[in-house]
Amino acid sequence: MLDALGVLFLSPNILSQGLILSLAVLGFSISLRLLAYADLTLEGSFVLGGVIASMIITKGMSPYIALSLSLVGGMLTGIFTACLHCYAKINKLLSGIITLTILYSVNLRLQNGSNSSFYNLTTAFSDLTDIGILTKVVVFSLLAFSIIATILYTRYGLLLRACGENVKIIQRSGHNKNVLIVSGLAISNALICFSGSLFSQYFGFSDVSLGNGLIISSLTALIIGEIIIRPRTVITFICAVVIGSLVTQFIYSICLYVNLNPSDYKGIVGVVLIVLIIVRRYASKGKDTVTFGSEVF
Amino acid sequence: MHRVNVKNVALLSLLLLLTVITLTVVGCNKQKKVTSPEFVVGINQYVQHPILDSVFVSLKNELAKYPNIKLIEKNAAGNALTCKQINDQFVQQKVNAIVALGTPAAQSAIETTTVIPVVFGAITDPVGSKLADSIELPGGNKTGTTNRWPFEKQVSLIKTMLPNAKNVGILVNPAEANCEAGMKIIRIEAAKYNLKLVEVNISNSSEISSATESLRKRVDVILISPSNVLFSGLDSMFKVASKYNIPVLGGDVSSVDKGSIATYGFNNNDVGKMTAEILMKVLNSKELAGTIPVMGPPPSKLYMNSDMMKKYNLTKPL
Amino acid sequence: MNNTMLTLSNISMIFKQSDVEDKTVLTNLNLDILNDKWYYLIGENGSGKSTILKVIVNELAPTVGSVVYKQIQVKDICFIEQEISKNLVLSMTVFENMIIALSAFSKFKNNLSFYHRKDSKEKCKEILSEYEMGIETQLNKQVKYLSSGQQQALVIATALCKQPKLILADEFTSALDYKVAPNVLKIMFNYKQQTHCSIISISHNKKEIIESAEIVLNLRNGTVEIVTDVSGCLAR
């Protein structure tokens with residue numbers, strides 16, 4: 001049994017899945033921790049990534065075009081959500097839910113149905129071994145992580161980080177908070193959509209239900225990562241996100257391996273999240289539950 | 001300065017370890033020990049759903065006749081990521097065949113392996129969802145069964161039972177692949193009989209009641225579409241339909257007990273048996289799975305609800 | 001003589017409240033703020049001292065009347081709030097807080113450069129060492145782990161590095177202990193000497209007011225009057 005667990009943990013597939021999902025978790029964390037914006041658009045823009053992949057790939061075009069278009073698509077959804085909040089003055093949570101609802105219809109229209117298979121079509125991961133796929137995923141994610149780290153280490157990134165915790169400072173320093181929120185959500189959703197596009201190409205199909213439950217599992221991953229590495233800098237923050245996602249995937253695959261009753265899954269995830277939040281409070285002795293950025297959840 | 005907090009890691013790993021141990025103990029008790037199985041078959045069911053469940057149970061009962069087959073049963077609880085992980089584990093465990101129930105489970109299975117035979121079960125449209133190149137020659141390592149309803153016969157039933165009907169109401173969930181696949185055929189068939197389809201979209205079962213309400217005075221009869229969402233909320237549709245005296249036709253066999261006047265259908269157990277049959281063919285054959293034609297659907301019979309027939313003064317069609 | 005920085009003309013402020021009577025805070029207030037003066041605002045709690053500051057910095061719109069900016073613009077005014085947490089980003093480091101202040105009103109193009117640079121670090125060190133509170137050695141420490149005296153010194157530092165022409169300080173010495181407060185006041189005084197800016201402070205500290213104030217304004221019944229006998233007024 002332990003032998004089997006060891007094999008599972010080292011399996012390149014789990015690492016690939018964890019890394020691809022960590023991009024979405026990072027996008028979610030940027031809006032949640034840096035902008036203090038609980039952006040529920042996540043589940044919609046993730047699916048949008050897969051839908052864009054299906055539109056491009058089934059037309060026989062290069063999967064890399066699909067990946068770059070997914071960045072654009074994600075940015076647009078982020079901008080839309082942020083504009084709802086900044087200019088139409090809609091509450092943050094509600095603005096995300098509205099975009100999510102609209103995206104549901106948009107995704108169905110764009111994909112022409114709920115499900116689209118890439119079988120025998122060229123995806124970014126066609127004709128690769130498991131290790132080959134993992135290498136490619138590592139390259140993509142390293143690229144994305146370094147771009148995000150670069151952005152966050154500029155003065156703009158600094159203002160972005162300040163925006164969630166203390167908007168007044170930003171405004172009194174003569175910066176436009178709306179520009180920061182809109183661009184911040186554009187970046188975070190671009191990442192999420194990119195992750196969705198990679199994810200569906202890795203799976204070999206795109207389905208409108210791919211995003212189901214992503215908010216809760218991203219939050220779980222983020223909190224696990226934050227408990228393990230108490231991040232205080234941009235770099236450690238990104239590490240926390242990656243490690244959190246990998247650990248979450250590992251736990252999922254153990255649950256599967258031991259054949260838990262499927263109808264219990266959601267209950268288990270909920271209980272785990274409660275336990276984690278209590279552990280977080282205990283481990284931080286009541287102060288500093290979140291060490292980097294603002295604590296929305 | 002940014003060091004890993006040792007205490008938290010210890011706490012978390014303790015927690016993890018406890019989870020792993022509990023789960024392992026629970027899991028080990030569940031797995032039955034089979035003496036020297038010749039074949040290991042992994043079954044990946046996409047989601048718990050009455051139709052898939054009954055296919056699964058009858059498949060399992062059928063396979064119980066063969067002591068040399070060991071089953072690994074998994075359910076993805078409707079999550080595509082879980083589907084993929086289950087299939088990954090099957091590949092690692094070097095199973096002899098994967099049985100995938102439900103379209104997403106099957107799609108992820110054929111993406112995961114091109115070597116291990118994949119037998120899909122209870123798929124409405126294997127060709128449309130790219131699981132099979134064609135019904136006769138699925139190709140590659142994949143074959144299976146389809147449980148496509150006899151839509152042609154169900155539409156023609158409208159004409160034979162209610163010859164005066166002109167407008168046919170139907171609740172459709174465009175987000176479901178199998179529903180869309182069925183609708184393609186239904187639209188063609190309805191046009192053949194000069195029936196006008198009034199399609200109302202639903203996206204979850206709470207909308208069924210008001211969607212049915214909206215059909216009032218616009219339609220003469222309601223046809224049941226092959227939507228899973230509709231399936232789980234059929235009762236609310238029958239309730240509204242009988243309030244306004246709109247006859248309902250079609251659906252699967254169980255819909256007739258609930259309030260559908262009549263339908264052409266088959267028992268889902270037959271699909272399970274067929275899936276078992278094709279699985280045995282695949283396991284015993286030396287040829288590639290893709291050379292075995294897709295089986296099904298099983299032959300359909302006419303099922304009728306006598307109470308409903310009486311209510312609308314209908315007689316059994318000849 | 002044209003020595004007026006800004007004028008509050010005929011300002012009234014009425015807070016509308018749904019369930020109780022409307023609360024009138026300021027009534028027909030007229031006031032000229034002159035260059036190179038250190039004002040102190042005194043008055044009872046709830047008399048509207050903070051409201052005046054917020055009106056001046058254009059964060060609250062008066063119900064009647066207007067603020068006329070004569071020799072300065074809004075961006076030349078720096079507002080230090082009473083609570084330290086509102087003036088800083090607590091989860092960021094000292095250095096990062098300084099950079100945010102230094103990049104105030106900078107062009108967008110400048111914001112695309114990296115902020116971890118040696119010259120900006122040196123500059124921050126230089127600014128902070130003036131305060132003699134040891135903050136300059138803790139550039140990479142998160143602000144929330146500083147003592148409250150150090151935090152307040154950092155607040156002043158971030159305020160002064162924006163080169164304001166008018167500083168509004170709402171009880172900024174109340175968080176400081178008696179050893180540190182004179183030091184911080186001295187820095188403010190030096191800054192005023194160098195730049196000839198004006199300062200409007202709110203305080204309840206008699207000693208501080210007597211030492212630093214050039215003009216003391218007493219806020220009573222919605223209007224201000226200039227106090228000549230400071231100690232007499234405060235004794236009441």
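Chain C and chain A are joined by 3 salt bridges. The model is predicted. In one of these salt bridges, the side chain of Glu81(C) meets that of Arg172(A), with 2.8 Å from N to O. On the chain C side, helix α2 (residues 94–102) gives the largest share of the touching residues, namely 3 residues. By class, that side of chain C holds 14 nonpolar, 10 polar and 6 charged residues.

Now take the extent of this interface. Chain C brings 30 residues into contact with 23 residues of chain A. Together the two chains bury about 2500 Å². Carbon and sulfur atoms account for 53% of that area.

Turn to chain B. How many salt bridges are there between chain A and chain B? The count is 0. Polar contacts do occur, in 8 residue pairs between chain A and chain B with both residues at pLDDT 80 or more. Helix α11 (residues 234–257) of chain A provides 10 residues, the largest share of the chain A side that touches chain B. That side of chain A divides into 35 nonpolar, 17 polar and 4 charged residues.

The contact between these two chains takes 56 residues from chain A and 48 residues from chain B. The buried area is about 4500 Å². Of this, 63% comes from carbon and sulfur atoms. Tyr119(A), Leu256(A) and Asn259(A) supply 16% of the area that chain A buries against chain B, more than any other three residues.

Finally, look inside chain A. Helix α3 (residues 42–57) packs with helix α4 (residues 63–86) at an angle of about 145 degrees. Their axes lie 8 Å apart. The crossing of α3(A) and α4(A) is right-handed. From α3(A), the contact residues are Ser45(A), Leu48(A), Gly49(A), Ile52(A), Ala53(A), Ile56(A) and Ile57(A). They meet Pro63(A), Ile65(A), Ala66(A), Leu69(A), Ser70(A), Gly73(A), Gly74(A) and Thr77(A) in α4(A). What classes of residue make up this contact? There are 9 nonpolar and 6 polar residues, and no charged residues.

Definitions and conventions
Residues numbered from 1 in each chain as written. Chains lettered and ligands numbered in written order. Predicted model: local features only at pLDDT ≥ 70, side-chain atom pairs only at ≥ 80, totals over all residues. Heavy atoms only, no water. Axes fitted to C-alpha atoms, helices over the stretch in contact; angles between N-to-C directions. Helix = DSSP H or I, 4+ residues; strand = E, 2+ residues; numbered from the N terminus. Left-handed = near helix turned anticlockwise from the far one by under 90°. Contact = heavy atoms within 4.5 Å. Nonpolar A, V, L, I, M, F, W, Y, C, P; charged D, E, K, R; others polar. Buried area = accessible area lost by both parts, 1.4 Å probe. Salt bridge = Lys/Arg side-chain N within 4 Å of Asp/Glu carboxyl O. Polar contact = N/O pair within 3.5 Å; in protein donor to acceptor, adjacent residues only side chain to side chain.
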